[in-house]
Amino acid sequence: MSDFTQDFRSQRRNYQDGTTSETAQVKADLIALYDRLVALTATVTDHAATHGSETLGPGVYTTAGAMNITGTLTLNGSATDLFVFRCAGAFTTGASAEVI
């Protein structure tokens, strides 16, 4: 086995195990992001579970069940606006769904 192959296998094992400093930082960043998203206050709780063929403004769209996107969903806001879709069930998109 070549040195390259051995090194590659060793590095792959380190990434899978989360034992490199890079993967440890990625893990910490993902946990921090998740915690921030969960802590956001829901701004829209009365929207139907199906999104599509409509234009939405910035907000934290939250539903207690599943959520799906069908048709074209247009997000209307500035580059700094936040759009979060948070659901307690499955999140699915239709084959022709589009978010613009």
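1. Buried residues make up 14% of the 100 residues in the protein chain, where buried means under 20% relative accessible area, exposed over 50% and partly exposed in between, with a 1.4 Å probe and protein chains only. Please keep in mind that this is a predicted model, in which local features need pLDDT of at least 70 and side-chain atom pairs count only at pLDDT 80 or more, while totals for chains, interfaces and linings use all residues. Residues are numbered from 1 along each chain as its sequence is written, and side-chain values use heavy atoms, with hydrogens and water left out.

2. The protein chain has two helices and eight strands, and from the N terminus on they run α-α-β-β-β-β-β-β-β-β. Helices (H or I, at least four residues) and strands (E, at least two) are DSSP runs, numbered from the N terminus. Among contacts between residues at least 6 apart in sequence, 40% join residues at least 24 apart; a contact means heavy atoms within 4.5 Å.

3. Next come the sheets, for which two strands pair if DSSP finds at least two bridges between them. Strand 1 is joined to strand 4 (residues 67-69) by two bridges, and the two run parallel. Thr50 has Asn68 of strand 4 as its bridge partner.

4. Another open sheet of three strands has the order 2-5-8, again with parallel pairing. Here the edge strands are strand 2 (54-56) and strand 8 (98-99), and each pairs on one side only. Strand 5 (residues 72-75) pairs with strand 8 in the parallel sense over two bridges, and Leu73 stands opposite Val99 of strand 8.

5. Strand 3 (residues 59-63) deserves a point of its own. Four of its five residues are buried, so strand 3 is mostly covered. Five bridges join strand 3 to strand 6 (residues 83-87), and these two strands run parallel. Within this pairing, Val60 has Val84 in strand 6 as its bridge partner. As background, side chains in a regular strand alternate between the two faces of the sheet.

6. Which rings form the aromatic pair? The count comes to one aromatic pair, and Tyr61 and Phe85 form it, stacked at 5.2 Å centre to centre with 15° between the planes. For this count, rings of Phe, Tyr and Trp (its six-membered ring) pair if their centres lie within 6.5 Å; planes under 30 degrees apart count as stacked, over 60 as edge-to-face and the rest as tilted. Because Tyr61 lies in strand 3 and Phe85 in strand 6, the pair ties together parts that are 24 residues apart in sequence. Tyr61 is buried, with a relative accessible area of 6%, whereas Phe85 counts as partly exposed at 24%.

7. Finally, some loop residues are worth a look. Val44, in the loop between helix 2 (21-39) and strand 1, touches Val60, Tyr61 and Thr62, not counting residues up to four places away in sequence. Ser53 lies in the loop between strand 1 and strand 2 and is exposed at 66% relative accessibility. Ser53 has a positive phi of about 50° although it is not a glycine; for context, most residues other than glycine have a negative phi. Ser96, in the loop between strand 7 and strand 8, counts as exposed at 65% relative accessibility. Ser96 and Thr72 are 24 residues apart in sequence and 8.2 Å apart in space, C-alpha to C-alpha.
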